[in-house]
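This report walks through one protein model, from its packing to its backbone. Please keep the sequence and the structure at hand while reading.

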Amino acid sequence: MSALYPEIEPYDHGLLDTGDGNLIYWEACGNPAGRPALVLHGGPGSGCSTAARHYFDPDAYRIILFDQRNCGRSLPSAADPETDLSLNTTWHLVADIERLRACLGIDTWLLFGNSWGSTLALAYGETHPDHVAAIVLSGVTTTRRSEIDWLYRGMAPLFPEEWHCFRQAVPPGSQGRDEDMVAAYHRLLNDPDPETRLKAARDWHDWEAASILLADPQGRPRRWADPAYLLTRARIITHYFTHSAWLEDGQLLKNTARLTGIPGILLQGRFDIEAPLVTAWELARAWPQSELSIIPHAAHSTANPDMSAAIVTATDRFRFSSKIIFPPTPAI
């Protein structure tokens with residue numbers, strides 16, 4: 001079992017101007033002359049985490065992390081109700097990744113995505129396959145409507161008390177508890193009243209915590225204590241999921257032929273409730289160059305020791321692989 005790599009700090013960072021009023025925070029860690037690897041965080045809207053730096057050999061990899069639009073250290077923040085999210089879609093993020101690649105002088109890079117990050121990795125990989133050397137995904141999602149419905153309705157019988165609280169937090173009425181919960185919370189999170197918005201953000205995350213705490217009673221992320229973080233994340237998630245992430249249903253599975261020749265490793269926890277195994281299994285069948293590894297004692301979180309070890313093992317495999325070529329790239 002591979003151990004996590006040690007704590008490291010960025011050797012460079014900056015704000016990428018997208019030209020439409022957004023500034024994207026990015027940072028680079030590890031070896032400036034190493035093999036480029038891009039980390040795509042989850043959520044959407046969770047922001048990049050320092051923990052992801054530990055998954056790559058810092059002597060071999062040039063590790064790039066960034067905060068997706070309107071979250072983390074990117075500006076403007078979705079926590080501000082005046083921030084317009086109309087320019088924050090899956091395809092804006094794909095364009096941001098490509099703009100960042102060009103800005104950093106990278107030809108091809110390895111993609112690592114967890115949860116929503118796996119959806120974004122697939123969307124980018126299928127759009128720009130010539131710039132992808134390999135893909136590692138964990139907690140695999142493709143953000144199909146069935147996957148969204150599972151999260152915010154299908155899991156209800158597993159957590160009846162938490163579901164009751166989640167529904168009861170939506171005021172009754174013509175646009176109340178009988179409507180889709182994602183749409184209901186999207187409306188509350190954009191309410192003019194700041195207390196209504198904050199309560200909705202907390203109630204949203206209380207529902208998400210139900211499955212997280214089942215896998216790990218101590219697993220509530222520390223960032224969830226920050227009201228601005230809760231507002232940012234919940235507002236972006238509901239923005240994306242009310243629009244089905246601007247993807248045709250099943251689009252990423254249908255377009256896997258565009259990944260031909262790109263090797264991939266899919267890592268899925270056997271006890272992952274949030275992203276059931278069926279999605280990873282369907283993706284592995286549709287993408288012949290990928291292999292699926294089921295982690296017996298892991299759930300959705302990459303903090304699980306078995307899952308984090310599997311991620312390190314996967315990135316180490318590609319580090320030493322002779323089947324993929326990482327062209328040398330200059331230091332910034």
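## Tyr185 and the nonpolar cores

Leaving aside neighbours within four places in sequence, Tyr185 touches Phe166, Ala169, Val170, Ala200, Asp203, Trp204 and Thr238, where contact means heavy atoms within 4.5 Å. Tyr185 is also, with Leu38 and Tyr152, one of the residues with the most contacts inside the largest nonpolar core, which has 74 residues. Apart from that core lies another, of 27 residues, among them Ala52, Ile63, Ala298 and Ala310. A nonpolar core is here a set of buried Ala, Val, Leu, Ile, Met, Phe, Trp, Tyr and Cys residues joined through side-chain atoms within 4.5 Å, and buried means under 20% relative accessible area, exposed over 50%, and partly exposed in between (1.4 Å probe, protein chains only). In soluble globular proteins, nonpolar side chains tend to be buried together.

## Basis of the model

The model is predicted, so that local features need pLDDT of at least 70 and side-chain atom pairs count only at pLDDT 80 or more, whereas totals for chains, interfaces and linings use all residues. Residues are numbered from 1 along each chain as its sequence is written, and side-chain values use heavy atoms, with hydrogens and water left out.

## Overall fold

The protein has ten helices and eight strands, which are DSSP runs numbered from the N terminus (helices H or I, at least four residues; strands E, at least two). Its radius of gyration, taken over C-alpha atoms, is 19 Å, close to the 20 Å that the globule rule gives for 332 residues, so the protein is as compact as a globular protein of that length; the rule is 2.2 Å times the number of residues to the power 0.38.

Of the 332 residues, 57% count as buried. Among contacts between residues at least 6 apart in sequence, 73% join residues at least 24 apart.

## Backbone details

Two cis peptide bonds may be inspected in loops. The bond from Gly43 to Pro44 is cis, with omega near 0°, and Pro44 sits in the loop between β3 (35-40) and β4 (61-66). The bond from Leu75 to Pro76 is likewise cis, with omega near -5°, and Pro76 belongs to the loop between β4 and α1 (90-103).

Ala245, although not a glycine, has a positive phi of about 60°, and it lies in the loop between α7 (227-242) and α8 (251-254). Ala245 is buried, with a relative accessible area of 0%. Trp246, found in the loop between α7 and α8, has a positive phi near 55°, and at 25% relative accessibility Trp246 counts as partly exposed.
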